[in-house]
Amino acid sequence: YSNEKQTTWEPKEKVRFEVKSNTIYYMDHYLGRYIIVVNQENEEAKGTIIIKSQGEYLANAKTENETYQFEYEARKIENAEYEIYAKEDIYSQDNNGNKIYSKDEKITKVTTNSEGEAIIQNLPQGKYYIKETNAKDGYVISDDLVEINVEFNQNIIVTINNKFKEK
């Protein structure tokens, strides 16, 4: 490894490289070593958030001796709406200090599909929070903010359980 100052990095252990025909390399006769030149593009650290919205619904009601017994089951909730916000200032990963999002800035608004899912892709690495803005009829909008830390190539699944409105 060398940088602009032409310093050399020596590994503590042997390092094995696979050299393919399209890799540029040559023999430095002065050092008596092979020189391998590798160009590694930096990939932006981005991740994905998958919101799964579900809630209970009345599946069955029974009566025994004038006593009602209710059975509830979880159901995927379609058309629930969520907003995603930056929990902190989020900067580009290129070390230039370019701010992408400011703290508490709304990033996007999403609506769950027929499977009760909303997917937000290519979010830069950083901390975010999710706020529910609209629940399906019959459900209460959650006041909870769900905090998430997005890291490189990470898929984060967030399940939000909605409560049924009491009438």
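Tutor: A salt bridge is counted where a side-chain nitrogen of Lys or Arg lies within 4 Å of a carboxyl oxygen of Asp or Glu. The model before us is predicted.

Student: Are the two partners, Glu117 and Lys52, buried, partly exposed or exposed?

Tutor: The class follows from relative accessible area: under 20% is buried, over 50% is exposed, and partly exposed lies in between. Glu117 has 23% and is therefore partly exposed. Lys52, at 32%, is also classed as partly exposed.

Student: Which residue forms a salt bridge with Glu115?

Tutor: The partner of Glu115 is Lys76, and their closest N and O atoms are 3.2 Å apart. Glu115 sits in the loop between β8 (106–111) and β9, whereas Lys76 is part of strand β4 (residues 67–76); the pair therefore ties together parts that are 39 residues apart in sequence. With a relative accessibility of 45%, Glu115 counts as partly exposed.

Student: Where do Lys106 and Glu83 lie, and what does their pairing tie together?

Tutor: Their side chains meet in a salt bridge of 3.5 Å, N to O. Because Lys106 lies in strand β8 and Glu83 in strand β5 (residues 81–86), the bridge ties together parts that are 23 residues apart in sequence.

Student: Let us turn to strand β8. What does Ile107 touch, leaving out residues up to four places away in sequence?

Tutor: A contact here requires heavy atoms within 4.5 Å. On that basis Ile107, found in strand β8, touches Ile84, Tyr85, Ala86, Tyr101, Leu123 and Tyr128. As for Ile84, its C-alpha is 5.5 Å from that of Ile107, although the two residues are 23 apart in sequence. Ile107 has a relative accessibility of 18% and so counts as buried.

Student: Is Thr48 buried or exposed?

Tutor: Thr48 is buried, because its relative accessibility is 13%. Its place is in strand β3 (residues 46–64). Apart from neighbours within four places in sequence, Thr48 is in contact with Ile119, Ile120, Gln121 and Asn122, and also with Gln154, Asn155 and Ile156.

Student: How many helices and strands are there in the protein?

Tutor: The protein has zero helices and 12 strands. Read from the N terminus, its elements run β-β-β-β-β-β-β-β-β-β-β-β.

Student: What share of the contacts with a separation of 6 or more involves residues 24 or more positions apart?

Tutor: Such pairs account for 57% of those contacts.

Student: What can be said of burial and surface for the protein as a whole?

Tutor: Of the 167 residues in the protein, 23% are buried. The protein exposes about 13,300 Å², and carbon and sulfur atoms supply 42% of that area.

Key. Residues numbered from 1 in each chain as written. Predicted model: local features only at pLDDT ≥ 70, side-chain atom pairs only at ≥ 80, totals over all residues. Heavy atoms only, no water. Helix = DSSP H or I, 4+ residues; strand = E, 2+ residues; numbered from the N terminus. Buried < 20%, exposed > 50% of the residue type's maximum accessible area, 1.4 Å probe, protein only. Areas by Shrake-Rupley, 256 points an atom, 1.4 Å probe, with all protein chains shown as cover.
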